[in-house]
Amino acid sequence: MLLNIQNIYKNYGKEPMIVPVLKDVSLEVVQGDYIAIMGPSGSGKTTLMNIIGCLDRASLGTYLFEDEDISEMNDDALSDLRLNKIGFVFQNFNLLSSETAQENVALPLIYAGIDKEKRNQRAIDVLNKVGLQDRISFKPSQLSGGQKQRVAIARAIINNPKILLADEPTGALDQASGKQVMELFKSLNDEGVTIIMITHDANVASHAKKILHIIDGEIIENKQGGVL
Ligand code: ADP
Ligand code: MG
């Protein structure tokens, strides 16, 4: 199993103002899964995603990433795990505005210590893959929203991560660009990339193989979702 999350709780705040946000959440993810997590605003989706992405830790419960207990990893080990094994895509792209598409995409390879020639080639390959081979030297301000998100996806997959995590990846996009992003996710998943995507949009969620609903911090339903 890739991810094994059992009976996770997450509280924010301190006594006497503890706010319980996630309650007894369990989630098992195998290689090749494509899971959508749906739920209303404030239901705990981003909180759960941050825990899955090892950006935050649960207050209680166990989380095994490839059979390794992340509660036993220190912050450095956790940041290595994030860098090498997890790709992140956010609603607002999080691109560096002063850098070109190619430079943005190559960034994770700088952290990984890959030399410049390899970085550049790999960045071109991955921009090709997301259909942006003719936008390599463009800066974010010269790209449409959908193109920016595809640059962000290229950056997220350049390290061949074990899992791609996307928090409202179509939230800032018009319908046509959102559809393109969903088509890209589908083809990445067909190639074997494991994906967990958060969305409040049922249309977007319907592209996943499995849909989980989170309401008020609890997963209330686990049904096989619509396929394209
Ligand atoms: P969603 O992504 O589903 O909209 P979030 O996970 O962002 O929901 O938030 C769930 C709940 O947790 C909300 O009530 C929010 O106010 C609260 N929350 C989120 N982050 C924090 C934080 N850092 N400190 C305190 N409360 C938080
Ligand atoms: Mg959120």
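Predicted model: local features only at pLDDT ≥ 70, side-chain atom pairs only at ≥ 80, totals over all residues.
Four strands form an open sheet in the order 2-1-4-5, and their pairing is antiparallel. At the edges stand strand 2 (19-29) and strand 5 (68-69), each of which pairs on one side only. Further in, strand 1 (residues 3-12) and strand 4 (residues 60-65) run antiparallel to each other and are joined over five bridges. To find this pairing in the structure, one may look for Gln6, which stands opposite Thr62 in strand 4.

The next stop is the ligand. Around ligand 1 lie Tyr12, Val21, Pro40, Ser41, Gly42, Ser43, Gly44, Lys45, Thr46 and Thr47. Sorted by class, this shell holds six polar residues, three nonpolar residues and one charged residue. Helix 1 (residues 45-52) provides the largest share of the shell, with three residues. Several contacts can be described atom by atom. The side chain of Thr47 places an N or O atom 2.6 Å from an oxygen atom of ligand 1.

Attention now turns to the pockets. Rolling a probe the size of a water molecule over the atoms shows where empty space is left. The largest pocket has a volume of about 350 Å³. Its lining is made of 15 residues, and those nearest the centre are Leu83, Ile86, Phe88, Pro108 and Arg155. Helix 2 (75-85), strand 6 (86-90), helix 3 (101-111) and helix 5 (145-157) each give two or more residues to this lining, with strand 6 giving the most, four residues. Nine of the lining residues are nonpolar, four are polar and two are charged.

Helix 6 (175-190) and helix 7 (202-205) each supply at least two lining residues, and helix 6 makes the largest contribution, four residues. By class, the lining of the second largest pocket comprises five polar, three nonpolar and three charged residues.

Methods
Residues numbered from 1 in each chain as written. Chains lettered and ligands numbered in written order. Heavy atoms only, no water. Pairing = 2+ DSSP bridges. Near = heavy atom within 4 Å. Polar contact = N/O pair within 3.5 Å; in protein donor to acceptor, adjacent residues only side chain to side chain. Nonpolar A, V, L, I, M, F, W, Y, C, P; charged D, E, K, R; others polar. 1 Å grid on protein atoms, 1.4 Å probe; cavity = no way out; pocket = protein on both sides within 12 Å on 5 of 7 lines; lining within 4 Å. Points joined across faces, edges and corners; volume = space filled by probe spheres on them.
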